[in-house]
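The sequence and structure are shown below.

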Amino acid sequence: MTKRRLPLILVGGAVVVLSADLAFHVLKDVVGLVRSEPVQAHVPTPRAAPPAPRAAPPPQPSHPVADGPFVVKSILPISGPIKFGQYFWDESQGRPGPLVITVDLTARVLSVFEDGHEIGATAILKGYGEKQTPVGVFPITQKDAHHISTIFDVPMPYMLRLTNDGVSIHGSKVERGYATNGCVGVPEPFAAKLFQVAHLGDKVIITDGKRLNLGDPIIARPKG
């Protein structure tokens, strides 16, 4: 079984974790057609210099990415511990806005927040031994619904890549006694839902589950 806790605040390049003792538990283009008066051919008409080209506006992202402080505004009403293979998904409380994914390695729970409102939660698999899941803040850099691991030659459905050396979130057989090679494994139906709402650049915040009272911050500085 896994325990849920209220995670964190992301500020700039640092992660501020807020954790509660929660046992359980996104001109009208007016085209003016101006007709000029005809002019005689032998009378040259001075032409105005063409206007200088306007600089194109910088491209705007089609999806907002969390840059400022991340604050948890609501969590799903989950009444008991999340069991292996179990997940919850309810987008009714979500609001248009940045999507943030949090992973608590100690509680073995992943949560999905839309504009600070939790829309999904699930038990996870994580890495052990020499292949532990790293802690930190990672942007999603690649999406592949039908990914095959080039290292282990095994399917990694609905893969969301987090690091250059292959750590990702992907669909797995989430059962007691199983582990990953450093990735975050989630039930495949949950992975499919997450794949649909996640975008490149969305932040994934992975912590080691340090327990604090609500309002007590802990700052985890990025490595390097």
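## Pairing of β9 and β10

In this predicted model, strand β9, covering residues 155–161, runs antiparallel to strand β10, covering residues 168–172. The two strands are joined by 2 bridges. Leu160 has Ile169 of β10 as its bridge partner.

In general, the strands of a sheet pair through backbone hydrogen bonds, and the arrangement is either parallel or antiparallel.

## The four-stranded sheet

Strands β9 and β10 belong to an open sheet of 4 strands, arranged in the order β8-β9-β10-β11. The pairing within this sheet is mixed. Its edges are formed by β8 (142–148) and β11 (184–187), each of which pairs on one side only. On average, neighbouring strands of the sheet are turned by 25° against each other, with direction ignored.

## Helix packing on the sheet

Helix α1, spanning residues 188–197, packs on this sheet and touches β8, β9, β10 and β11. The direction of α1 makes about 35° with that of β9.

## The salt bridge

The structure holds 1 salt bridge. Asp115 forms it with Lys73, and the closest N and O atoms of the pair are 3.5 Å apart; this separation meets the criterion of a side-chain nitrogen within 4 Å of a carboxyl oxygen.

The pair links distant parts of the chain, the residues being 42 apart. Asp115 lies in the loop between β5 (109–114) and β6 (117–123), whereas Lys73 lies in the loop between β2 (14–17) and β3 (87–89). Asp115 has a relative accessible area of 24% and is therefore partly exposed.

Note on methods: Residues are numbered from 1 along each chain as its sequence is written. This is a predicted model: local features need pLDDT of at least 70, side-chain atom pairs count only at pLDDT 80 or more; totals for chains, interfaces and linings use all residues. Side-chain values use heavy atoms; hydrogens and water are left out. Two strands pair if DSSP finds at least two bridges between them. Axes are lines fitted to C-alpha atoms, for helices over the stretch in contact, and angles run from 0 to 180 degrees between N-to-C directions. Contact means heavy atoms within 4.5 Å. Buried means under 20% relative accessible area, exposed over 50%, partly exposed in between (1.4 Å probe, protein chains only).
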